Amino acid sequence: MPRSGVVCHGDCDGIISAFIYIKHYLMDSWPRNVSMVFTQPWRAQIDARKVGENLSEVVFLDLAVSEEFARYIKQLSGKVGRITIIDHHMSSDEHVEELSNIPNIKVVWRKSPSCPRLMKEVLKPHMNPYEEFLVDVADVCEGGEARSEDAAKVADLIKLSIARNPGDLSYMKHLVEAMLEGKDLLSDPELLSRAKIAKFLLWRLLKIMSERSLEVAATKIVALDLSESRIYAGLLGIAATEFARMSRKDVVLIRREEGKVVVTVRTLNDRAYRICRELAARLKGRFGGHAEAASATLPDMSLGEAMKLVSEVVKSVPREVRGNRVRRTH
Ligand SMILES: [Mn+2]
């Protein structure tokens, strides 16, 4: 039996994408002949190697395609039967055409509220109500409006439960398995206990953010030091989104990590993308993400320097760009 590899983003909509893909296209090989890898976009080209060799098919789900990742995929295309890339990140745009031109690579890329939503719309698998529900959940996880109270609740719990330890791959696998068994996620003890701890930490982090934030050009800017970014690792994206919602302002969260500075931006329109692109351009850093939710990784500097730089960029990147309005999808 030929083996298949699934490499997906280790977040809520990435995990749901893996579930849907396996359920509809890999059930013959599951579980013995499917290797699953969960990763983050900035290190996808490193982790993806873990899927193993002699694969008939490798599918990449919900992973923003960077320069390095595109290079890796091109190399891989010479060694495996075929490659499928399904992604909804705006920043992947630059590499779509080049990758699509390789004969054994299929790219499904489009702006969409979530990767599972994109799969539903483009691949059109026949979905049962449980799967449809999880597509709704994925949309909410990515910032979309909830269609039901249950979808909002499940989205919240999944996000929080993963966030606490974004490197815990066995827990992500546990979630995919639970979904493949059609289990009620609201009664999963593992999920509930992880979410509970994360919720407490998130609450503490939001308190810090509201006490510490500075307002520059109607944008809230918060900086976290190295130890704080360790304590709250994994919750920073959720906190930035939540803080923007609470304060009804654009939010920039700056944090120091080991040897680098990471900037997470949440805005009402496509300004997040433009701010991160500008930051990356000024400092030869990297950026990625969506119109309203993006991040940039910059060379290491003090938080003071980072605050100064971000303030400058925030002032220089206009709220609206004529002719460049991106419709809100979530
Ligand atoms: Mn994702």
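Analyst: The protein averages a pLDDT of 93, and 97% of the residues score at least 70; pLDDT is the predictor's confidence in each residue, from 0 to 100. This is a predicted model, in which local features need pLDDT of at least 70 and side-chain atom pairs count only at pLDDT 80 or more, while totals for chains, interfaces and linings use all residues. Residues are numbered from 1 along each chain as its sequence is written.

User: Over which residues does pLDDT stay under 50?

Analyst: Where pLDDT is low, the predicted coordinates should not be read in detail. Here that applies to residues 325-330, where pLDDT stays under 50 and the model has 12 contacts beyond four places in sequence. Two residues are in contact if their C-beta atoms, placed from the backbone, lie within 7 Å.

User: In what order do the 5 strands of the parallel sheet lie?

Analyst: Helices (H or I, at least four residues) and strands (E, at least two) are DSSP runs, numbered from the N terminus. Two strands pair if DSSP finds at least two bridges between them. The open sheet with parallel pairing has the order β2-β1-β3-β4-β5. Its edges are β2 and β5 (105-109); each has a single partner strand, so one side of each lacks a neighbour in the sheet. From one strand to the next, the twist averages 10 degrees; angles run from 0 to 180 degrees between N-to-C directions, and axes are lines fitted to C-alpha atoms, for helices over the stretch in contact.

User: How many residues of strand β1 are buried?

Analyst: A residue is buried if 20 or more other C-beta atoms lie within 10 Å of its own, exposed if 12 or fewer, and partly exposed in between, with C-beta atoms placed from the backbone. In β1 (residues 3-9), 6 of the 7 residues are buried, so the strand is largely enclosed by the rest of the structure. On one hand, β1 runs parallel to strand β3 (residues 55-61), joined by 6 bridges, with Cys8 opposite Leu61. On the other, 6 bridges pair β1 in the parallel sense with strand β2 (residues 34-39), where Val34 is the bridge partner of Ser4.

User: Which strands do helices α4 and α5 lie across?

Analyst: Helix α4 (residues 93-100) lies across β4 (82-87) and β5, at about 150 degrees to β5. Helix α5 lies across β3, β4 and β5, running at about 115 degrees to β4.

User: How should I describe the packing of two helices, and at what angle do α1 and α5 cross?

Analyst: Two packed helices are described by the angle between their axes and the distance between the axes. The axes of α1 and α5 (residues 115-123) cross at roughly 35 degrees and come within 8 Å. Asp13, Gly14, Ile16, Ser17, Ile20 and Tyr21 of α1 meet Cys115, Pro116 and Met119 of α5. The contact comprises 6 nonpolar, 2 polar and 1 charged residues; Ala, Val, Leu, Ile, Met, Phe, Trp, Tyr, Cys and Pro count as nonpolar, Asp, Glu, Lys and Arg as charged, and the others, Gly among them, as polar.

User: What span should helix α7 have, and which helices do its buried residues pack against?

Analyst: The expected span of a helix is 1.5 Å times one less than its number of residues. For the 15 residues of α7 (residues 149-163) this gives 21 Å, which agrees with the 21 Å between its end C-alpha atoms. Its buried residues, including Ala151, Val154 and Ile158, pack against α1 (12-25), α6 (129-141), α8 (169-180), α9 (189-212) and α11 (236-247). Helix α6, with 13 residues, reaches 18 Å, close to the 18 Å expected. The buried residues of α6 pack against α1, α5, α7 and α8. Just after α6, Gly143 takes a positive phi of about 105 degrees.

User: What is the order of the sheet of 6 strands?

Analyst: This open sheet has mixed pairing and the order β6-β7-β8-β9-β11-β10. The twist averages 20 degrees from one strand to the next. Strands β8 (residues 250-257) and β9 (residues 260-266) run antiparallel, joined by 7 bridges, and Glu257 stands opposite Lys260 in β9. Helix α11 packs on the sheet, touching β7 (219-224), β8, β9 and β11 (293-299).

User: Is Glu257 buried or partly exposed?

Analyst: Glu257 counts as partly exposed because it has 14 C-beta neighbours inside 10 Å. Not counting residues up to four places away in sequence, Glu257 touches Ser229 and Val262.
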